[in-house]
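Please walk me through this structure, beginning with the chain as a whole and then turning to particular strands and residues.

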Amino acid sequence: MNKIEIYPAIDLYGRKIVRLTGGNFEKIKEYGDDPVETALSFAEAGARWIHLIDLEGAGKGSPVHLKELEKVAASTGLPVQYGGGLRTEEDVALALASGAKRVYLGSLLFKGSPSTLWERFGNAIVPSVDVKNGTVALSGWTEVTQLPPEKAITELLRIGYSTFLVTSVSRDGTAAGPDLKLYEKLRKTDGQILAAGGIRDKKDLSDLAKIGVSGAVLGKSIYEGTVDLREAVEEFGIC
């Protein structure tokens, strides 16, 4: 069986751990108020990365949880990938200086100059390809473009980017299962795909591993107990 990197997610809004349903900010559920404690539990379960999402920052257009990023990175010692609200090069530099191993970007990348960002930050940037109704969505999933995700990834591969966070927005937080057809199509681009959205159980992880995605972001499935993180890491994770 192919192995995949497991990324347990911590979504932050108002300093609290939350999850949205289907990318809808009106459908928000709280899962605690201590991201450091949660991150430590992920580390203890064997996770090798922490996936930190500044949902509030994504909505406001600027990062608001950099202190939480700094605390999580320092307390766990694990690499953290961070995203949400990073709309300027200075935001990216600040997130990396606050402890992020790498950051994932959507709006800044697709609205700005991906070549310039690559020249300055290289592989510290993971393009965030958020797919809503078949095309790339930006600005906290509130703005839909006409850009197909496969075209976006192909163009970014030419610049040098290699790893892509692909979120199926309509599945995110729904536990409805990942969009396997989407990931099968995007695997043909030769990009390393990190799948996010709708992953509900070990069968979904097995299906994603068979497709050949490089990683899977787990959120609601961990918090609702449909996936045991330790078991998932032991069975599917990269050692």
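Two residues are said to be in contact when they have heavy atoms within 4.5 Å. The model is predicted, so that local features need pLDDT of at least 70 and side-chain atom pairs count only at pLDDT 80 or more, while totals for chains, interfaces and linings use all residues. Residues are numbered from 1 along each chain as its sequence is written, and side-chain values use heavy atoms, with hydrogens and water left out.

The chain has 11 helices and 12 strands, where helices (H or I, at least four residues) and strands (E, at least two) are DSSP runs numbered from the N terminus. Its radius of gyration is 16 Å, close to the 18 Å that the globule rule gives for 239 residues, so the chain is as compact as a globular protein of that length; the radius is taken over C-alpha atoms, and the rule is 2.2 Å times the number of residues to the power 0.38. Along its principal axes the C-alpha trace spans about 40 × 35 × 35 Å. Of the 239 residues, 54% are buried, a word that stands for under 20% relative accessible area, with exposed meaning over 50% and partly exposed lying in between (1.4 Å probe, protein chains only). Among contacts between residues at least 6 apart in sequence, 63% join residues at least 24 apart.

Strands are taken to pair if DSSP finds at least two bridges between them, and β4 pairs with strand β1 (residues 5-13) in the parallel sense over four bridges. Strand β5 (residues 80-83) also runs parallel to β4, joined to it by four bridges. His51 of β4 stands opposite Ala9, and its bridge partner in β5 is Gln81.

Strand β1 also holds Glu5, which is buried, with a relative accessible area of 7%. Leaving aside neighbours within four places in sequence, Glu5 is in contact with Arg48, Trp49, Ser214, Gly215, Ala216 and Ile238.

Thr76 belongs to helix α3, residues 66-76, and counts as buried at 16% relative accessibility. Between Thr76 and Ile50, which are 26 residues apart in sequence, the C-alpha to C-alpha distance is 9.0 Å. Beyond its neighbours within four places in sequence, Thr76 is in contact with Ala39 and Leu40.

Two further residues can be taken together. Which residues does Ser107 touch, not counting residues up to four places away in sequence? They are Arg87, Gly112, Leu138 and Ser139; Ser107 itself lies in helix α5 (residues 107-111) and counts as buried at 10% relative accessibility. Gly140, in the loop between β8 (135-138) and β9 (143-144), likewise touches Arg87, along with Phe25 and Ala58, when residues up to four places away in sequence are not counted.
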